[in-house]
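Hi there,

Here is the model I promised to pass on. Have a look, and my notes follow below.

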There are 2 protein chains.
Amino acid sequence: MSAKKTSLKDIAQKAGVSTALVSYVLNGKEKESRVGQEIAAKIKEIAKELHYQPNHLAKSLRSGKTHTIGLIIADISNPFFANIARVVEDEAKKNGYTVIIGSSDENPDKSRDLLNVLINRQVDGFIIVSSEDSAEQVQDLKAKGIPFVLLDRYFPDIQTDFVSTDHYQAAYDAGNHLVSSGYKRIGMIAYKSQLFHMQERIRGYQDALKDNKIPFQKAWLKKVRFSYIESEVRATIDELMAMKPPIDALIFATYGLAINGLKYFNELRLRVPDDLAIVSFGQAEVFDLYYCPITYLKQPIGLLGQTAVGLLVNKIKDHQKGPAQILMKAELIVRASSKTKFPE
Amino acid sequence: MSAKKTSLKDIAQKAGVSTALVSYVLNGKEKESRVGQEIAAKIKEIAKELHYQPNHLAKSLRSGKTHTIGLIIADISNPFFANIARVVEDEAKKNGYTVIIGSSDENPDKSRDLLNVLINRQVDGFIIVSSEDSAEQVQDLKAKGIPFVLLDRYFPDIQTDFVSTDHYQAAYDAGNHLVSSGYKRIGMIAYKSQLFHMQERIRGYQDALKDNKIPFQKAWLKKVRFSYIESEVRATIDELMAMKPPIDALIFATYGLAINGLKYFNELRLRVPDDLAIVSFGQAEVFDLYYCPITYLKQPIGLLGQTAVGLLVNKIKDHQKGPAQILMKAELIVRASSKTKFPE
């Protein structure tokens with residue numbers, strides 16, 4: 001099924017001219033070399049007939065630029081990343097770049113594989129939502145001098161360009177909001193992860209309790225594994241609700257955790273917010289449609305994506321001097337799921 | 001910021017040996033050419049130090065295979081396609097292929113651009129969820145002899161491999177189910193589109209009414225434009241509910257239409273299914289979490305993706321003879337949103 005590629009030679013033979021002449025014509029240099037219009041038209045006609053595909057890659061290798069950006073996201077089935085990808089594409093297009101996407105599914109081997117595939121495909125640079133255990137890959141890109149910008153997740157110990165939500169402040173705002181709404185036993189379900197953004201979300205939640213003089217209880221913080229999300233979210237909710245007294249509010253550290261948790265609440269016939277107040281990270285249509293609209297931390301997806309593309313394009317064009325490290329604020333969208341417990 | 005690539009010559013100069021020798025060593029041929037172990041180790045050390053990146057592309061060009069698949073999806077922000085992408089990646093990985101994704105955002109220019117970019121990046125073949133007005137691109141791929149499989153959407157007038165849901169049967173099942181649940185004035189909101197799968201969904205809905213001796217009313221079928229989905233879904237729901245009498249059931253022809261519609265129902269304080277029964281295409285967590293679980297057509301995402309990868313890999317390996325055209329059945333998942341109107 002795979003076809004033999006038409007070469008300049010094939011066209012030259014069929015047209016009865018030299019390969020050099022075909023090359024001149026197909027590279028738009030017929031005027032310089034004073035080729036007759038008739039023969040130029042004939043060559044173009046034959047090229048079309050034989051489905052000749054010019055080798056843009058060879059051209060790109062000469063110019064050194066392909067106007068292509070590689071976007072590595074951590075999980076394509078997470079709407080947050082899918083929406084980020086949409087924004088990155090739109091913004092890249094405005095700048096004359098095409099985006100090629102790879103999803104690492106939170107797997108460092110897959111992430112490394114994708115980086116290599118795309119480096120070999122000569123992308124001009126990368127925008128990366130890093131997966132677990134991928135710090136070494138980032139170091140490697142740096143060492144190779146390949147332009148890249150980290151998006152949403154970054155490594156505090158590696159000096160890189162990044163654009164990210166301020167995850168600490170967002171979680172702090174969530175905890176603080178629940179306390180001031182009258183909740184006193186506030187839990188969090190997060191991922192078991194070494195990634196900095198997850199650590200920051202946990203730290204923000206804990207500091208919010210501390211600053212409000214609520215002693216943090218270890219049993220309130222649950223960490224589940226990404227690969228076992230469904231069963232472990234259920235198990236941890238069982239634990240949190242079996243405590244005496246149970247928690248009265250819960251922060252989901254990601255959208256995926258929230259979806260699994262809310263589904264399980266329905267099964268348990270737990271009512272939000274009467275049985276349990278909720279605040280979640282992530283943003284998705286589902287939070288609008290739940291019977292009780294969910295209070296959530298709205299990350300500035302549009303601005304995150306646009307800024308990342310802008311930084312990367314500047315790096316590719318060699319315009320940027322020092323590293324740019326940008327933290328953006330998430331907006332707490334307060335809705336019924338965290339309404340004030342004791343009306344004032 | 002962009003780095004000068006390390007060449008074999010750079011390494012040769014630093015090691016004080018010939019470029020040919022460096023090439024032998026880095027291509028693992030040191031044994032054939034009887035290079036001393038010490039000098040081979042030195043060359044490898046210098047290559048590492050200078051961050052030498054072997055040109056896999058050149059290698060791939062020699063073998064003619066890159067073990068890379070291009071996946072073009074119609075809209076990355078639609079969870080249906082994002083989930084399909086996840087399945088395709090998993091299955092491709094099992095077969096030793098890496099997937100590079102592009103999203104056309106239902107735009108034929110973007111789709112053409114992505115195809116060209118990926119053809120130039122030497123993918124071995126494509127899996128494509130076609131966008132509007134892209135029939136010519138499919139013809140073009142055929143003419144060029146590039147292996148590809150169409151996924152979910154296909155063109156009845158073009159002989160190609162495809163794997164798709166039976167969209168006609170799915171819509172027919174939806175209409176039939178609503179009639180047998182006691183609903184008599186059944187509307188549909190679909191996209192204004194020339195794409196065959198959308199035509200088939202509309203035809204299935206109409207035939208279900210006809211076969212149940214319910215005269216179809218033109219005003220029950222609304223077609224909205226993809227780019228104006230939010231405002232047009234609202235306007236058409238206003239029209240459908242202003243009819244005297246209004247419709248008593250509604251089929252959403254896609255997930256995106258359903259999300260927008262259900263959100264508007266909440267604003268209007270319309271109750272599902274008492275004011276309006278609902279069946280929707282697409283599958284997403286949101287249908288589980290709505291206060292009234294939504295009856296939907298579950299497309300066999302896993303099987304669709306796996307089969308598409310299997311067919312494409314066979315085509316790439318030249319194992320497949322004739323075209324394979326596979327239609328799969330969607331499963332109607334009946335839930336509270338379409339419960340029987342008049343208990344028997």
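A word on naming before anything else: helices (H or I, at least four residues) and strands (E, at least two) are DSSP runs, numbered from the N terminus. Residues are numbered from 1 along each chain as its sequence is written, with chains lettered from A and ligands numbered from 1 in the order in which they are written. This is a predicted model, where local features need pLDDT of at least 70, side-chain atom pairs count only at pLDDT 80 or more, and totals for chains, interfaces and linings use all residues; side-chain values use heavy atoms, with hydrogens and water left out.

Let me start inside chain A. Ala171(A) sits in helix α8 (residues 167-180) of chain A. With a relative accessible area of 0%, Ala171(A) is buried (under 20% relative accessible area; exposed is over 50%, partly exposed in between; 1.4 Å probe, protein chains only). Neighbours within four places in sequence aside, Ala171(A) is in contact with Met188(A), Arg201(A), Gly204(A), Tyr205(A) and Phe281(A), contact meaning heavy atoms within 4.5 Å. Asp207(A) lies 36 residues away from Ala171(A) along the chain, and their C-alpha atoms are 9.1 Å apart.

In chain B, His197(B) belongs to helix α9 (residues 196-211). This histidine is buried too, at a relative accessible area of 6%. Beyond its neighbours within four places in sequence, His197(B) contacts Asp152(B), Arg153(B) and His167(B).

Now for the interface. Here 55 residues of chain B are in contact with 55 residues of chain A. Together the two chains bury about 5,300 Å², 54% of it on carbon and sulfur atoms; buried area is the accessible area (1.4 Å probe) that two parts lose on being put together, summed over both.

There are 10 salt bridges between chain B and chain A (a side-chain nitrogen of Lys or Arg within 4 Å of a carboxyl oxygen of Asp or Glu). One of them joins Lys110(B) to Asp90(A), whose closest N and O atoms are 3.9 Å apart. On the side of chain B that touches chain A, α6(B) gives the largest share, eight residues.

Finally, how are the copies related? The same surface serves both, as 100% of the contact residues of chain B recur in chain A.

Best wishes
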